[in-house]
Amino acid sequence: MATLYQLHSSMDTLRRTTEQMALSWQADDSILLLGTTVAYIDWFNAYLGDIENMEIETIAGIYALADDVAQLHENTAAKLNLAAKLTGILSDAEWVAMTQDSRFDKVVTIAL
């Protein structure tokens with residue numbers, strides 16, 4: 001079974017949030033970046049690369065909420081190229097459905 005990690009972090013705590021997630025990481029887990037965390041996707045990916053024994057290939061998917069992406073300035077969203085870096089951008093209904101998906105035996109929210 002897999003875990004869906006929901007990360008809500010400021011830039012100041014993103015490294016620590018990523019490290020906390022990595023403590024219980026298993027291959028095929030997924031990540032949902034909540035709130036402004038989606039704006040730090042490049043930093044998040046860099047921090048993932050710094051963690052020993054955790055390869056980005058073991059991530060089943062990285063998602064964000066459509067409402068959170070919509071809150072980003074248009075230029076910021078374009079420069080981030082989220083479509084290429086995220087597995088998907090979810091509506092609220094899709095998010096709720098994902099948290100109830102049988103492939104996930106746990107949904108863990110980390111907000112530091």
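## Terms and model

Buried means under 20% relative accessible area, exposed means over 50%, and partly exposed lies in between, using a 1.4 Å probe and protein chains only. With that in hand, Arg 103 is partly exposed, at a relative accessible area of 41%.

This is a predicted model, in which local features need pLDDT of at least 70 and side-chain atom pairs count only at pLDDT 80 or more, while totals for chains, interfaces and linings use all residues. Residues are numbered from 1 along each chain as its sequence is written, and side-chain values use heavy atoms, with hydrogens and water left out.

## Three salt bridges

A salt bridge here is a side-chain nitrogen of Lys or Arg within 4 Å of a carboxyl oxygen of Asp or Glu. By this rule, there are three salt bridges to look for.

Start with Arg 15 and Asp 50, whose side chains meet in a salt bridge at 3.3 Å, N to O. Arg 15 lies in helix H1 (residues 14-22) and Asp 50 in helix H2 (residues 41-50), so this pair ties together parts that are 35 residues apart in sequence. Helices (H or I, at least four residues) and strands (E, at least two) are DSSP runs, numbered from the N terminus. Arg 15 is partly exposed, at 36% relative accessibility.

Next come Asp 42 and Lys 85, with a salt bridge of 2.7 Å, N to O, between their side chains. Asp 42 sits in helix H2 and Lys 85 in helix H5 (residues 82-85), so the bridge links distant parts of the chain, 43 residues apart. Asp 42 is partly exposed at 39%, and Lys 85 is partly exposed at 28%. The side chains of Asp 101 and Arg 103 also form a salt bridge, at 3.3 Å, N to O; Asp 101 is partly exposed, with a relative accessible area of 27%.

Where is Ser 30 placed? Look in strand S2, residues 29-34. Ser 30 is buried, with a relative accessible area of 1%. Contact means heavy atoms within 4.5 Å; leaving aside neighbours within four places in sequence, Ser 30 is in contact with residues including Thr 3, Trp 25, Tyr 63 and Phe 104. From Ser 30 to Met 98 is 68 residues in sequence and 10 Å in space, C-alpha to C-alpha.

Ser 9 is in the loop between strand S1 (2-8) and H1, and is buried at 3% relative accessibility. Not counting residues up to four places away in sequence, Ser 9 touches Leu 14, Thr 17, Thr 36, Thr 37 and Tyr 40.
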